[in-house]
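Subject: Structure handover

Hello,

Here is the structure I said I would pass on. Please open it first, then read the notes below with it in view.

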Amino acid sequence: MQTIPRITVEAPVLSIGSGPSDYEELGGHVDALRRRQGLHLTLLHIGVLPEFAQDVADWTKGVTSTAAATRRTVAWLLALPVLEVFSGSAERLIVLGGGSVCGLEVVVPERVRDYQVSLVQALHELLDELLVDNVDDFILSSRALGFRFPHWTPHIAVGRPQTRGGGPWEIKPLAIDFGESRIRNRRFLPVLDAG
């Protein structure tokens, strides 16, 4: 059975440290260190689109259909403004996802935080348009969105922690360059009718 990929808004990592060895040194703290290609900073997690649309339909008791939620969400995603390239830094590893993920805690410019806040505000507006009441409750309970924490911690997931319940760990400071924001798995979004 083929799994449907998750949709997120992310900033891809262009470079990390001064060379490959800087990143590979993290293997001393992290199991199953991820390949440098594909590393990214998640700005907003939407999740599996059909699951998100179903969450909306269930919450609105069918007033907003899954088809309508899907169409409107895709149009909304494609209209989001793009965050320009930026640089950040990391000086420690933190544990995320209930202890299953180890990530670089990234210090980002204020404009990146402002952009992430604007994405959450835009999500609220989308849900209002989809006739979702009690938007904050919906966001926290939606299986697709998967929001578990009230605030955003900028991070790059890099592997699994070697010890459960450990961290954070101080590391040699790393400079990180990010590309402009993009929709992860955009090619899997349904094509909208021109009419």
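The count of aromatic pairs in this predicted model comes to three. One of them joins Phe52 and Phe138 in an edge-to-face arrangement, with 6.3 Å from centre to centre and 70 degrees between the planes. Phe52 belongs to helix 2 and Phe138 to helix 5 (residues 135-141), so this pair ties together parts that lie 86 residues apart in sequence. Both Phe52 and Phe138 are buried.

Another pair is made by Phe86 and Phe178, and this one is stacked: the centres are 4.6 Å apart and the planes are at 15 degrees. Here Phe86 sits in strand 4 and Phe178 in strand 7, so the pair ties together parts 92 residues apart in sequence. Is Phe86 buried or exposed? Phe86 has a relative accessible area of 5%, and the cut-off for buried is under 20%, so Phe86 is buried. Phe178 has a relative accessibility of 1%, so Phe178 counts as buried by that cut-off too.

Ring pairs also link Phe52, Trp59 and Phe138 into a cluster.

Next, the strands. Strand 4 (residues 86-96) pairs with strand 7 (residues 169-178) in the antiparallel sense, over seven bridges. Which residue of strand 7 is the bridge partner of Phe86? That partner is Phe178, the residue with which Phe86 forms the stacked pair. Strand 4 also pairs with strand 5 (residues 101-107), again antiparallel and over seven bridges. In this pairing Arg92 stands opposite Glu105 of strand 5. Strand 4 and strand 5 form a hairpin, with four residues between them. Gly97 lies in the turn of the hairpin and has a positive phi of about 60 degrees. When you look at the strands, keep in mind that side chains in a regular strand alternate between the two faces of the sheet.

Thr60 lies between helix 2 (49-59) and helix 3 (66-79). The relative accessible area of Thr60 is 7%, which is under 20%, so Thr60 is buried although it lies in a loop. What does Thr60 touch, leaving aside residues up to four places away in sequence? The answer is Leu130, Leu131 and Val132. Within its own stretch of the chain, a polar atom of the Thr60 side chain lies 3.4 Å from the backbone oxygen of Ala57.

Regards

How values were computed:
Residues are numbered from 1 along each chain as its sequence is written. This is a predicted model: local features need pLDDT of at least 70, side-chain atom pairs count only at pLDDT 80 or more; totals for chains, interfaces and linings use all residues. Side-chain values use heavy atoms; hydrogens and water are left out. Two strands pair if DSSP finds at least two bridges between them. Helices (H or I, at least four residues) and strands (E, at least two) are DSSP runs, numbered from the N terminus. Buried means under 20% relative accessible area, exposed over 50%, partly exposed in between (1.4 Å probe, protein chains only). A polar contact is a pair of N or O atoms within 3.5 Å; within protein, one must be able to donate a hydrogen and the other to accept it, and residues adjacent in sequence count only if both atoms are side-chain atoms. Contact means heavy atoms within 4.5 Å. Rings of Phe, Tyr and Trp (its six-membered ring) pair if their centres lie within 6.5 Å; planes under 30 degrees apart count as stacked, over 60 as edge-to-face and the rest as tilted.
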